[in-house]
Amino acid sequence: MNDLISVIVPVYNVETYLSICIESILSQEYSQLEVILIDDGSTDKSGRICDEYAKKDNRINVMHQSNSGAAAAKNAGLKIASGTYLSFVDGDDFLEPNAYSHMLKTIKEQKADVVQCSYRDVFKDHLVEHCLEKNTLNQIDFLTLFTVDWTCALLWDKLYKRSLFDGVSFETGHKIDDEYFTYRGIMNAKKIVRDNQIIYNYRKRASSIMYSPSSARQLIFDRIDYLSKRRKNVIACFPQLRAVYDNHFLNMMIILSRDNNVTEEHLKLIKMYLKEYFHDNQHTKPDYHLFIPLSKLLFFCSKRKLN
């Protein structure tokens with residue numbers, strides 16, 4: 001096997017963890033790698049660390065840009081990624097030594113377009129493993145699975161054929177990136193393999209964007225937004241999935257309306273999307289048990305009245 005794998009690594013103020021991340025990539029059993037490090041305006045030593053590694057290993061390409069967010073950093077990497085296959089690694093995470101050899105072997109033997117593997121959460125004092133059952137799915141089955149298995153949307157637990165994302169880029173301005181991006185490549189895939197081998201270590205940090213209390217409101221806005229956009233995009237390409245995505249959308253709007261961090265602004269946005277949904281003549285009729293909560297959302301925008 002000599003296919004080039006492009007590894008895109010967005011980097012922002014992760015000097016404590018960055019060397020471990022880069023070393024885990026460079027020391028892979030499979031060595032045909034193009035490692036793209038995008039320093040997104042780091043104010044610590046992260047940018048310098050990237051440059052030092054680039055001097056040691058000619059597989060590394062470093063890009064420095066003003067702080068524009070993770071999505072913009074990944075887009076910059078996508079523009080120059082030249083590999084047959086594509087992978088993403090966050091700058092504070094790290095890979096298992098056989099991650100790429102295993103995923104590439106699997107994707108080739110199975111003649112697949114995407115392979116999704118298992119991973120572990122790395123906390124300060126303990127580990128939590130997330131192991132998948134081995135399975136092979138077509139795009140319809142995997143897109144259906146999106147509505148019940150949140151790991152489907154994860155970006156970094158997969159190896160992709162680069163061609164799946166031709167013309168596809170990350171949508172900037174959000175706290176969440178994966179949910180706006182991963183499914184669009186899956187819509188171009190014919191065969192997806194899920195595997196139980198752990199290949200990725202996801203570091204759970206209190207300072208992470210995803211777990212910052214100050215980000216809670218924006219995360220809800222993003223979830224409301226991507227659920228609506230994903231539903232429309234999937235149904236446009238796969239109308240046979242309308243009922244699945246319609247019901248998922250309605251259920252998620254109800255769940256998000258009950259989030260402890262929800263605000264009046266969130267509720268108004270949910271109401272707007274629900275009105276748009278019911279004005280679509282082809283919408284799926286809601287299940288009976290959803291009528292009361294949906295009626296409350298449509299006719300009341302107040303947290304007090306919803307409770």
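**Around Ser-6**

Reader: Leaving out residues up to four places away in sequence, which residues does Ser-6 touch?

Author: Happy to start there. A contact here means heavy atoms within 4.5 Å. By that criterion, and without residues up to four places away in sequence, Ser-6 touches Glu-34, Ala-81, Ser-82, Gly-83, Tyr-85, Leu-86 and Ser-87.

Reader: What ground rules apply to the numbers?

Author: This is a predicted model, in which local features need pLDDT of at least 70 and side-chain atom pairs count only at pLDDT 80 or more, while totals for chains, interfaces and linings use all residues. Residues are numbered from 1 along each chain as its sequence is written, and side-chain values use heavy atoms, leaving out hydrogens and water.

Reader: Is Ser-6 buried or exposed?

Author: Ser-6 is found in strand β1 (residues 5–11); strands (E, at least two residues) and helices (H or I, at least four) are DSSP runs numbered from the N terminus. Buried means under 20% relative accessible area, exposed over 50%, and partly exposed in between, with a 1.4 Å probe and protein chains only. Because its relative accessibility is 0%, Ser-6 counts as buried.

Reader: Which residue's side chain is joined to that of Ser-6 by a polar contact of 2.4 Å?

Author: A polar contact is a pair of N or O atoms within 3.5 Å; within protein, one must be able to donate a hydrogen and the other to accept it, and residues adjacent in sequence count only if both atoms are side-chain atoms. A polar atom of the Ser-6 side chain also lies 3.3 Å from the backbone nitrogen of Ser-82. The side-chain partner at 2.4 Å is Glu-34.

Reader: In β4, which residue is the bridge partner of Val-7?

Author: Two strands pair if DSSP finds at least two bridges between them. Strands β1 and β4 run parallel and are joined by four bridges. Within β4, Val-7 has as its bridge partner Ser-87.

Reader: And in β9, which residue is the bridge partner of Leu-86?

Author: Strand β4 (residues 85–88) is covered on both faces, with Tyr-85 and Ser-87 buried on one side and Leu-86 and Phe-88 on the other. Two bridges join β4 to strand β9 (residues 158–161), and these strands run antiparallel. The β9 partner of Leu-86 is Tyr-160.

Reader: How many residues of helix α4 are buried?

Author: Helix α4 (residues 99–109) is mostly covered. Its buried residues include Tyr-100, Met-103 and Thr-106.
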